[in-house]
Amino acid sequence: MSHIRPDKFNDYDPQQRTRLTRAASDGGTVIAAIMPQLPVGTCGPKLINFNFQLTGVRVEVAPEMKPEVREIVADMLASGFKYYGWSMSTEDERTMRFYHPAEMV
């Protein structure tokens, strides 16, 4: 298992690096397919944050985004990831977690 080094960076073993690389590579492909379809004005700096993790991608939408627009964005992201075989869980009204298909085996 990984631990935190004194310099605050995770010390991943080779298997964890492979999982993180896979999540970032495959997740980036899905994100690149979805982003052009999102409503205009929703893809600016700090409006949608993507955090790549060992099991997949965590997505957080900025609080200043209107609830009706946030719902459209969430639905489009969920549909896009589902199309590519990812599963999803919701943390709160602004945060979703998408799990890589290989992690669901």
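The legends below describe several close-up views of a predicted model.

In this predicted model, local features require pLDDT of at least 70 and side-chain atom pairs count only at pLDDT 80 or more, whereas totals for chains, interfaces and linings use all residues. Residues are numbered from 1 along each chain as its sequence is written, and side-chain values use heavy atoms, with hydrogens and water left out.

**View 1. Overall arrangement of the protein.** The protein contains two helices and four strands, where helices (H or I, at least four residues) and strands (E, at least two) are DSSP runs numbered from the N terminus. Along the sequence these elements follow the pattern α-β-β-α-β-β. Of the 105 residues, 28% count as buried; buried denotes under 20% relative accessible area, exposed over 50%, and partly exposed the range in between, with a 1.4 Å probe and protein chains only. The accessible surface, from the Shrake-Rupley method with a 1.4 Å probe, comes to about 6,700 Å², and 56% of this surface belongs to carbon and sulfur atoms. Of the contacts (heavy atoms within 4.5 Å) between residues at least 6 apart in sequence, 54% join residues at least 24 apart.

**View 2. The four-stranded sheet.** Strands of a sheet pair through backbone hydrogen bonds, either parallel or antiparallel. Here, two strands are taken to pair if DSSP finds at least two bridges between them. The sheet is open, with the strand order β1-β2-β4-β3 and antiparallel pairing. Because β1 and β3 stand at the edges with a single partner strand each, one side of each has no neighbour in the sheet. From one strand to the next, the twist averages 20°.

View 3. Strand β1 (residues 48–53) runs antiparallel to strand β2 (residues 56–61), and six bridges join the two. Phe50 stands opposite Val59 of β2, and Phe52 has Val57 of β2 as its bridge partner. The hairpin connects β1 to β2 through two residues.

View 4. Ser87 has Tyr99 of β4 as its bridge partner.

View 5. Helix α1 (residues 14–34) lies across β1 and β2, at about 150° to β1. Helix α2 (residues 67–83) lies across β1, β2, β3 and β4, at about 5° to β4. Axes are lines fitted to C-alpha atoms, for helices over the stretch in contact, and angles between N-to-C directions run from 0 to 180 degrees.

**View 6. The crossing of α1 and α2.** The two helix axes come within 10 Å and cross at roughly 130°. The helices are therefore oblique to each other, a term for angles that are not under 35 degrees (roughly parallel), over 145 (roughly antiparallel) or 65 to 115 (roughly perpendicular). Gly27, Val30, Ile31 and Ile34 of α1 meet Met76, Leu77, Gly80 and Phe81 of α2.

**View 7. The surroundings of Met76.** Met76 belongs to helix α2 and counts as partly exposed because its relative accessibility is 24%. Leaving aside residues up to four places away in sequence, Met76 touches Ile34, Gln37, Leu38 and Pro39. Met76 and Met35 lie 41 residues apart in sequence, with a C-alpha to C-alpha distance of 9.2 Å.
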